[in-house]
Amino acid sequence: MTDLVPELLNILNRRPRRTGLLRKFERTAGDEVQGVLSEARATIEVIVELLRADIWYVGLGVGEVAQPLPRSTRAGSGDAFVFAREAVNRAKSSPHHVNVVGSDAHCAEQVETVLWLMASVLRRRSERGWAVADLLAEGLTRREIGVKLGISQSAVTQRAQAAGFAEEQRGRVLASELLDAGATA
């Protein structure tokens, strides 16, 4: 069996524009990786990347992190790390392979619910839908996407709708806002 963790770490850590990454992602044990993020939007971005691959169990721990942060993610401590361990274990029996645990159980469940809905949308997305969604996310117009993909603007719109692009974008915003609200509660 191929070890997929090195490539995952490369993907998660190579994003130069990834904001909020306080400590890079590292292998913690076996096929598990862990990172420390401070921004909800960046956290949701990472989770969407993992859900897109549809091969990872994702556990999100929301809580305090002992300060100062150590150099290595693996050496981190605090509630967020304890919650993350619990969440990844729960994710293994979750229908959408993602689980959220935090001191505010209600908020964690709300974030998890949005992520489950997003996972459901992402799993149904075709390769053509991903192509359109990726270009829309880069900020291209429907006209520019049509030219790039050799399809009409109408076809771009249809593919975006079938891909659930608007739903994904709204889900990202809602999950981020809920996560922000839970982190400050």
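Predicted model: local features only at pLDDT ≥ 70, side-chain atom pairs only at ≥ 80, totals over all residues.
The secondary structure consists of eight helices and four strands. Followed along the sequence, these elements come in the order α-β-β-α-β-α-β-α-α-α-α-α. The radius of gyration is 17 Å, close to the 16 Å that the globule rule gives for 185 residues, so the chain is as compact as a globular protein of that length. Along the principal axes, the C-alpha trace spans about 50 × 35 × 30 Å.

Some totals describe how the chain is packed. Of its 185 residues, 42% are buried. Among contacts with a sequence separation of 6 or more, 53% are between residues 24 or more positions apart. The chain exposes about 10600 Å², and carbon and sulfur atoms supply 51% of that area.

Helix α5 covers residues 127-137 and helix α7 covers residues 153-162; their axes come within 8 Å and cross at roughly 100°. An angle from 65 to 115 degrees counts as roughly perpendicular, and α5 is therefore roughly perpendicular to α7. On the α5 side, the contact is made by Arg 128, Gly 129, Val 132 and Leu 136, while α7 contributes Val 156, Arg 159 and Ala 160. Sorted by class, this contact of α5 with α7 has four nonpolar residues, one polar residue and two charged residues.

The remaining points concern loops, beginning with the one between α2 and β3. Helix α2 spans residues 40-53 and strand β3 spans 58-62, with Asp 54 in the loop between them. Asp 54 and Leu 9 are 45 residues apart along the chain, and their C-alpha atoms are separated by 16 Å.

The next loop to look at runs between β3 and α3, and Pro 68 lies in it. The peptide bond that joins Gln 67 and Pro 68 is cis, with omega about -5°. Gly 76 also has its place between β3 and α3, the latter helix covering residues 79-91. Is Gly 76 buried or exposed? Its relative accessible area is 18%, so Gly 76 is buried, the cut-off for that class being under 20%. Leaving aside residues up to four places away in sequence, Gly 76 touches Pro 70 and Phe 81. Glu 109 is 33 residues from Gly 76 in sequence, and the C-alpha atoms of the two are 24 Å apart in space.

His 97 has a positive phi of about 65° although it is not a glycine. With a relative accessible area of 22%, His 97 is partly exposed.

How values were computed. Residues numbered from 1 in each chain as written. Heavy atoms only, no water. Helix = DSSP H or I, 4+ residues; strand = E, 2+ residues; numbered from the N terminus. Axes fitted to C-alpha atoms, helices over the stretch in contact; angles between N-to-C directions. Parallel < 35°, antiparallel > 145°, perpendicular 65-115°, else oblique. Contact = heavy atoms within 4.5 Å. Nonpolar A, V, L, I, M, F, W, Y, C, P; charged D, E, K, R; others polar. Rg over C-alpha atoms; globule rule 2.2 N^0.38 Å. Buried < 20%, exposed > 50% of the residue type's maximum accessible area, 1.4 Å probe, protein only. Areas by Shrake-Rupley, 256 points an atom, 1.4 Å probe, with all protein chains shown as cover.
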